[in-house]
Protein chains: 2
Amino acid sequence: MNDAVTRETLIHRLQDALGADAVLSDEPDTAGYTEDWRGRYRGEALCVVLPSSTAQVSEVVKLCAAAGVPILPQGGNTSLCGGAVPPAQGPSPVILNLARMRHIRQIDAANGSMIVEAGCILKTVQDAAADVGRLYPISLGAEGSCQIGGTLSTNAGGTGVLRYGNTRENVLGLEVVLADGTVWEGLRALRKDNTGIDLKHLFVGAEGTLGIITAAAIKLHPLPTCHSLAWFAPRDPAAARQVLGMFQNACGSRLSAFEIMNRYQLDMVLANVPNRRNPLAGAHDWHVLVELGDTRDAEGLEAVLTETLGEAIEQGLVEDAVIAANETQRADLWEVRHSVSEANKKAAVGLTTDCAVPVSSVPEFIDAATRAVHAVVPGLDIAIVGHMGDGNVHFIPMFSFAAWSSLPDSASMGDTMRACVNDVAARLSGTFSAEHGVGQTGLPLMQRYKAPAELALMRTVKAALDPNQLFNPGRLVP
Amino acid sequence: MNDAVTRETLIHRLQDALGADAVLSDEPDTAGYTEDWRGRYRGEALCVVLPSSTAQVSEVVKLCAAAGVPILPQGGNTSLCGGAVPPAQGPSPVILNLARMRHIRQIDAANGSMIVEAGCILKTVQDAAADVGRLYPISLGAEGSCQIGGTLSTNAGGTGVLRYGNTRENVLGLEVVLADGTVWEGLRALRKDNTGIDLKHLFVGAEGTLGIITAAAIKLHPLPTCHSLAWFAPRDPAAARQVLGMFQNACGSRLSAFEIMNRYQLDMVLANVPNRRNPLAGAHDWHVLVELGDTRDAEGLEAVLTETLGEAIEQGLVEDAVIAANETQRADLWEVRHSVSEANKKAAVGLTTDCAVPVSSVPEFIDAATRAVHAVVPGLDIAIVGHMGDGNVHFIPMFSFAAWSSLPDSASMGDTMRACVNDVAARLSGTFSAEHGVGQTGLPLMQRYKAPAELALMRTVKAALDPNQLFNPGRLVP
């Protein structure tokens with residue numbers, strides 16, 4: 001903060017600009033903004049502001065820039081890596097939460113596009129698209145509370161990536177407030193536009209370090225009207241990979257999900273979440289949920305699912321399989337998949353990782369990471385759950401609560417375990433963060449795994465767009 | 001050029017670094033590199049270099065940077081807007097052509113990825129993908145001679161965009177030589193990677209102004225094995241738009257092309273290109289080629305094409321239609337579409353434009369641009385041909401050779417006509433360059449149509465990544 005401006009002065013100026021009710025400065029009011037939803041990260045904020053328009057966002061940026069106070073842009077505060085709350089140390093930022101900017105400015109079904117403000121809840125956007133017979137394909141656990149601006153700033157992934165790509169692939173244009181308060185109006189809803197440097201991709205996935213996304217033009221897709229889902233037990237991850245290839249060849253873009261989990265992960269769900277049933281009769285080491293979707297021909301869809309699985313069984317790749325006979329069964333099987341986080345939280349201390357490797361290397365990744373973890377703690381339980389179709393595997397070493405609390409230095413054990421897993425991913429040309437982002441958790445990993453030339457290039461971009469380190473200083477690029 | 005370095009000195013240094021056969025400095029040898037293929041743009045080069053490796057590209061960059069001589073990176077020299085040859089005025093650059101870097105470094109069918117060097121011909125890449133049962137979906141007229149590096153640097157479009165997106169959407173990672181000769185190794189072939197600012201999108205579509213792309217990890221898709229194609233006459237562009245919506249709803253991602261042309265454009269093809277036949281019996285004002293593709297079920301594909309067209313005829317949206325009965329007929333109908341450039345070149349002087357608008361606004365665009373052009377020259381012929389599914393319409397005012405040569409100031413007429421069309425696109429939230437890029441043609445249009453804040457942001461990025469204006473100075477951003 002500049003010497004000339006006190007905290008109180010800045011708060012008064014912000015109140016003058018936005019109205020008193022849009023500035024929260026007292027502890028009980030700000031608590032929900034300064035701590036993450038899992039209670040793992042907490043930091044102080046100078047205050048929380050809730051602008052209602054792009055012009056107000058610009059005003060806040062100018063006032064904070066003049067005062068030398070950093071800004072932390074915030075959406076639904078659903079980050080899994082501490083990306084949405086202030087750091088425990090360092091100067092307290094103004095948290096700029098976009099919740100009040102929640103209008104849908106335009107829906108154009110014929111163009112397959114929608115213009116939404118950053119504070120729109122993801123679920124609201126999905127529903128508005130469905131109302132005009134279109135699909136906004138980004139879907140993830142936090143969709144009922146995360147804001148579209150947060151999903152853009154973190155390039156959110158989820159279960160639709162295999163077919164529709166990440167959030168980045170579903171953006172046509174952006175409106176962004178820059179570090180000097182200028183508004184970049186880039187809300188073009190065009191499928192093709194080759195007029196200069198593509199600026200929108202700078203801000204998507206930049207975790208709020210280069211500007212504040214206030215609105216976006218997003219892509220809508222034809223709405224699939226039928227789905228067909230199976231749960232099957234592949235012989236092992238290599239067999240699962242082969243079956244994935246068979247589905248890609250047979251079904252093309254009908255293939256919309258290919259999710260894998262190991263026996264331990266399924267057992268944790270069955271043991272810890274009420275009303276979850278084992279999809280298959282016997283016990284199997286590996287499980288896959290596969291789903292097809294189409295705009296027509298439900299019978300053909302089930303036929304190709306059945307045929308492909310039949311062929312895989314014949315080739316000895318699949319031990320057992322079940323096809324959802326109706327929408328209820330389909331929902332039940334998805335519930336098993338979606339219960340993973342809840343189950344693991346209850347079951348033990350899970351050291352979550354978020355690696356991706358080339359799909360062809362997923363079996364080797366699982367094998368090598370298991371050996372690396374067991375070299376440190378022989379026989380340790382490991383939950384494995386992943387979006388196999390994207391090469392994204394959450395490989396989670398699990399400690400019982402008792403074992404964890406008896407460790408002399410549990411933080412260091414956590415670091416060691418994650419390094420075991422992330423090192424294997426790096427060796428296989430993979431990444432330590434496929435979808436969760438960098439946030440606070442990943443910052444030291446950026447230093448460890450990124451080439452100096454790549455970090456230098458990112459620092460160059462940051463220095464050019466935000467020379468005074470106004471937006472999220474110290475984040476994303478170490 | 002720095003005072004201390006003469007042209008001869010630099011050429012000697014380049015010869016020492018690359019070998020004498022990789023440096024062309026005499027007029028007859030360099031002619032194919034300094035003039036564009038249509039003979040419309042020509043400029044001087046200090047010399048042409050043909051490096052064989054990324055290390056050699058880095059060497060050239062360092063030598064030119066030290067000498068203060070700009071570099072023009074060049075692929076297959078197939079630009080439609082003068083983007084690949086030196087300017088007529090200004091300091092002569094070293095042309096760095098990537099033709100000798102043409103290795104396919106890796107194909108991974110299971111991961112759906114390929115790592116290719118920048119000089120690979122697009123057709124070679126398509127064929128290599130097909131050999132492993134996969135599709136690289138970028139397809140365009142110049143595919144037999146354009147280089148993949150050029151398609152990346154210009155974010156090439158073409159006929160596959162409706163289903164698969166532009167080149168940008170089909171890139172996973174890049175290797176780039178930066179302005180100080182540093183090599184950024186970003187060749188990750190991952191579907192998901194959220195670790196910092198996405199640098200690859202800076203270089204895709206930057207037309208060689210920010211760095212030199214030397215290799216890329218590109219996406220491969222399941223290979224469609226059956227196609228079904230129809231040619232039909234919609235009542236008007238608004239009806240065509242409605243039929244497009246019907247196909248999107250019924251066919252989802254099976255829809256792979258939806259190309260429109262007007263009667264004048266078809267007549268030009270029939271009159272000027274041998275062996276092209278009118279697909280329909282009668283005369284119609286508007287024509288659409290629609291194609292579906294799938295990995296299975298050829299019968300189902302033809303059924304949905306027939307059903308959807310039948311419904312459109314019933315609703316009075318379509319006047320007549322024909323379905324290709326076999327591969328020969330399908331190829332013939334595509335030939336009609338692909339003969340447009342050849343026909344127009346022979347027929348008259350065409351003032352090509354390359355606008356895109358939201359798909360929903362295509363009918364209004366065609367209508368308003370026609371009125372604008374006719375307000376200047378009443379009754380002027382206009383060829384209209386476009387990728388309607390992407391909102392990309394080539395709207396081409398046509399002058400007979402006699403009328404054109406009798407104009408007192410034809411250059412100014414060209415500017416006026418293009419401004420008529422581009423102004424309409426701008427009013428409809430569209431763009432003056434959907435797929436051709438900026439090059440030399442579009443530079444004044446950047447100034448005219450881009451908001452100052454957007455140009456300023458682009459200049460900031462350029463200054464940060466290429467502070468000494470080494471790469472293509474003066475291009476892309478005015």
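Residues are numbered from 1 along each chain as its sequence is written, and chains are lettered from A in the order in which they are written. In this predicted model, local features need pLDDT of at least 70 and side-chain atom pairs count only at pLDDT 80 or more, while totals for chains, interfaces and linings use all residues; side-chain values use heavy atoms, without hydrogens and water.

**Exercise 1.** Describe how chain A and chain B meet.

*Solution.* Start with contact, meaning heavy atoms within 4.5 Å: 82 residues of chain A touch 80 residues of chain B. Next comes buried area, the accessible area (1.4 Å probe) that two parts lose on being put together, summed over both. The two chains bury about 6,300 Å² between them, with 55% of it on carbon and sulfur atoms. On the chain A side, A:Lys192, A:Asn194 and A:Ile197 lose the most area to chain B, together 15% of what that side buries.

**Exercise 2.** Find salt bridges between the chains and inside chain A.

*Solution.* A salt bridge is a side-chain nitrogen of Lys or Arg within 4 Å of a carboxyl oxygen of Asp or Glu. Over all chains there are 52, and ten lie between chain A and chain B. B:Asp390 pairs with A:Lys192 at 3.6 Å, N to O. Now look inside chain A, where A:Glu117 pairs with A:Arg105 at 3.1 Å, N to O. A:Glu117 sits in strand 6 (residues 113–117) and A:Arg105 in strand 5 (residues 104–108), twelve residues apart; strands are DSSP runs (E, at least two residues), numbered from the N terminus.

**Exercise 3.** Summarise the stretch of chain A that carries a domain annotation.

*Solution.* An unreviewed UniProt entry gives "domain: FAD-binding PCMH-type" for residues 41–223 of chain A; such annotations may be inferred rather than shown by experiment. Over residues 41–223, chain A is 21% helix (DSSP H or I, at least four residues) and 24% strand. The end C-alpha atoms of this stretch are 38 Å apart.
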